Amino acid sequence: MRGVGSWLLALVSALAFALLYAPIVVMVLFSFNAPRGRFNLVWQGFTLANWRQPFADGALTQAFLTSLALALAAAALAVLLGGLMALSLERLRPRGSRAIALLLALPLTNPEIVLATSLLSLFVDLNLPRGPLTLLLSHSLFCLSYAALTLKARLAGFDPSLELAAQDLGATPLAAFRRVTLPLLVPGLLAASLLSFSLSFDDYVISSFTAGETVTLPLYLAGAFQREISPQIQVLSTLVLLVSGGLLVLATPLGPSGRRPD
Amino acid sequence: MWWAWILLAPGLLWLTLLYLLPLLGLVPLSLSEPLSRFGLETRFSWRLANYADGMGTYGPVLLRSFAFAGLSTALGLLLAYPLACAIRFRGGRWQPLLIGLVVLPSLTSYLVRAIGWTSLLGDNGPVLGLVAALGLTDLGLLRDGRLLNTPTAVVLGLTSTQLPFLVLPLVVALQRIERRLLEAAADLHAGPWRRFRLVVWPLSRPGLASALLLSLIPAAGDVVNPLFLGGPNERMIANAIANLLLVQLQAPRAAALALVLMALSGVAVWLLLRRGGPDDLALQ
């Protein structure tokens, strides 16, 4: 009985990983494809040419850089605003903290298309031309909840007596915060920044409503389905995966030194 | 206490101006009428017909959205629950690595993953060949001998994109189950099945609720999978809203549909989180 169960568990797990990784494997594979015609969707033959010219597709590279800049700015803004909110909610606990925490969680329960519709109608009402500014405003908004809640959870996990101990030893509250709390908060800040960055970098739905003439990477990719799927798309995406996968490995505690769940 | 509010002020300003007010603004917008056929400007006029027209024209699309979302979530759960159990109870010290492997595909843009599925499911692709080789062509999964532009392709794409959001909350919930409880059950002569039914399953219920929520709502509102893996007959509600707003310039009807979608999602949230607080959601 136990044997059959184990086999079934392994089989289903393998199937799940296959479903997760099938499109990723195809992406890496097709970065080495020599496509005939404009769409790199059918395997023709192996080549290294695409990897020798990863930036040959100028419009793609431009969209990539736009998304990079946007995601950096949106993540910085969201972590700044969200960090201040998290500090206030966890440490100073003003009246109404619970209501504000609920307000922060609320956008997470809305389908993205609802946020997109409301943001576009806001920008139309304000007569704000759609472009980089409206993109930054909307991206920083949907990242804000994630950043604030991530940091709030980190702060809740701290032992406040550390800060009190520093104050007992003569540190001012501000110095105690700077010398004790802030260094402890660095991993949380890093996690919130990475999460915000990747959410913004990948966003398609809200961007398609608020971008105007600006072309971010996901918007370029959506257009590529009609226009041209150059192999550089797969090359750049593989590079992004390598970099972000590397960051993920660095952030993951591995082996027995990591926190044991039991 | 006043400086608690100073720290909160910029974030609250953002949430109020960019989230709360525009969301509330959808209500009057959904009751307005367009001023012209060439712009998004509108005039308020108590036009309840926007809802009636919207539901009449897009009711089937709404139904299809939740059917696709439900189907892909159910399929995903069949894979995710055993995978989460395998990670928690068989993963040992490799648990963080396995969790990382579940997250890793999400770091690739879901549009690039859709491009990957387009290659896999295409007319000359390997999946269609496999389906033919296994003699599964008559199961109703194909349309005109094709996989691309069918409900199958959309549900498959949705299942793949939503799978990590099902696995992670389940792993978190399973990790909270203390091994001692299972050992105690075993000492009391409970077999593997009874240990699962009486200990693991009930204690994983909160994680299951979060998982369902994190998968169902984004799936029902998905744009990419129906647009690129489905044909015109597989469009979902978010595609309809985008089309109304960006192509037909019918902002009031788009707002009405968006509010209906939000209300339905709200009902799902309420049903699934009735027992837990908002912290269940914030954990993710």
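Me: At what angle do helix H9 and helix H12 of chain B pack?
Reply: About 170°, with the axes of H9 (residues 205–220) and H12 (residues 251–273) 9 Å apart. Helices here are DSSP runs (H or I, at least four residues), numbered from the N terminus. Axes are lines fitted to C-alpha atoms over the stretch in contact, and angles run from 0 to 180 degrees between N-to-C directions. This is a predicted model, where local features need pLDDT of at least 70 and side-chain atom pairs count only at pLDDT 80 or more, while totals for chains, interfaces and linings use all residues. Residues are numbered from 1 along each chain as its sequence is written, and chains are lettered from A in the order in which they are written.

Me: Parallel or antiparallel, then?
Reply: The angle makes H9(B) roughly antiparallel to H12(B), a label for angles over 145 degrees.

Me: Which residues of H9(B) and H12(B) meet?
Reply: B:Ala209, B:Leu212, B:Leu213, B:Leu216 and B:Ile217 in H9(B) meet B:Ser265, B:Ala268, B:Val269, B:Leu272 and B:Leu273 in H12(B). Contact means C-beta atoms, placed from the backbone, within 7 Å. Nine of these residues are nonpolar, one is polar and none is charged. Nonpolar covers Ala, Val, Leu, Ile, Met, Phe, Trp, Tyr, Cys and Pro; charged covers Asp, Glu, Lys and Arg; the others, Gly among them, are polar.

Me: Other topic: how many residues of chain B are in contact with chain A?
Reply: 75 residues of chain B, in contact with 78 of chain A. Helix H1 (residues 2–30) of chain B gives the largest share of chain B's side, 15 residues. That side has 56 nonpolar, 16 polar and three charged residues.

Me: And how many helices does chain B have?
Reply: 13, along with two strands; a strand is a DSSP run of E, at least two residues.

Conventions: Contact = placed C-beta atoms within 7 Å. Parallel < 35°, antiparallel > 145°, perpendicular 65-115°, else oblique.
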